[in-house]
Amino acid sequence: REIVLAALTKNGSALRFGSQELKNDHVIVLTAITQDGRALEYASLELKSDREIVLAAVTRCGDALRYTSREFENDREILLAAVTQNVNAFEYASQELKDDR
């Protein structure tokens with residue numbers, strides 16, 4: 001675990017090489033996405049639905065919004081964090097938020 005954490009602090013996308021158990025470990029995934037928000041792509045489905053994980057990922061890389069659970073496509077705070085980091089993340093917003101004035 002110590003070696004995996006050390007590696008992920010240097011290259012978060014190395015999570016892709018981890019076991020399913022590691023991809024479902026909150027600390028491991030949080031470490032990976034803190035280094036590279038796009039590492040959310042390799043997290044377990046369960047953690048792609050974890051609000052803390054998703055918010056950390058989109059704050060680091062707005063495009064990570066594409067890898068989240070659909071439940072977040074209508075979440076204003078998550079969307080705002082994502083588009084603040086990368087305006088292109090707006091593409092992954094729900095129609096309701098896209099129509100919001």
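Predicted model: local features only at pLDDT ≥ 70, side-chain atom pairs only at ≥ 80, totals over all residues.
1. Local features are taken where pLDDT is at least 70, side-chain atom pairs count only at pLDDT 80 or more, and totals for chains, interfaces and linings use all residues. Residues are numbered from 1 along each chain as its sequence is written, and side-chain values use heavy atoms, with hydrogens and water left out.

2. Helix H3 (residues 26-35) packs with helix H4 (residues 51-60) at an angle of about 15 degrees, their axes being 8 Å apart; helices here are DSSP runs (H or I, at least four residues) numbered from the N terminus, and axes are lines fitted to C-alpha atoms over the stretch in contact, with angles from 0 to 180 degrees between N-to-C directions. H3 and H4 are therefore roughly parallel to each other (angles under 35 degrees).

3. On the H3 side, His26, Val29, Leu30, Ile33, Thr34 and Gln35 meet Glu52, Ile53, Ala56, Ala57 and Arg60 of H4, contact meaning heavy atoms within 4.5 Å. By class, this contact of H3 with H4 has 6 nonpolar, 3 polar and 2 charged residues.

4. Ser69 lies in the loop between H4 and helix H5 (76-85), where Ser69 is buried at a relative accessible area of 19% (buried is under 20%, exposed over 50%, with a 1.4 Å probe and protein chains only). Leaving aside residues up to four places away in sequence, Ser69 touches Lys48 and Ser49.

5. Within H5, the buried residues are Ile78, Leu79, Ala81 and Ala82. Seen down the axis of H5, the buried residues fall within an arc of 160 degrees, so they line one face of the helix, the arc being that of the directions from the helix axis to the C-beta atoms. These buried residues pack against H4 and helix H6 (95-98), whereas the face turned away from the buried side carries the exposed residues Leu80 and Thr84.

Notes: Helix = DSSP H or I, 4+ residues; strand = E, 2+ residues; numbered from the N terminus. Parallel < 35°, antiparallel > 145°, perpendicular 65-115°, else oblique. Nonpolar A, V, L, I, M, F, W, Y, C, P; charged D, E, K, R; others polar.
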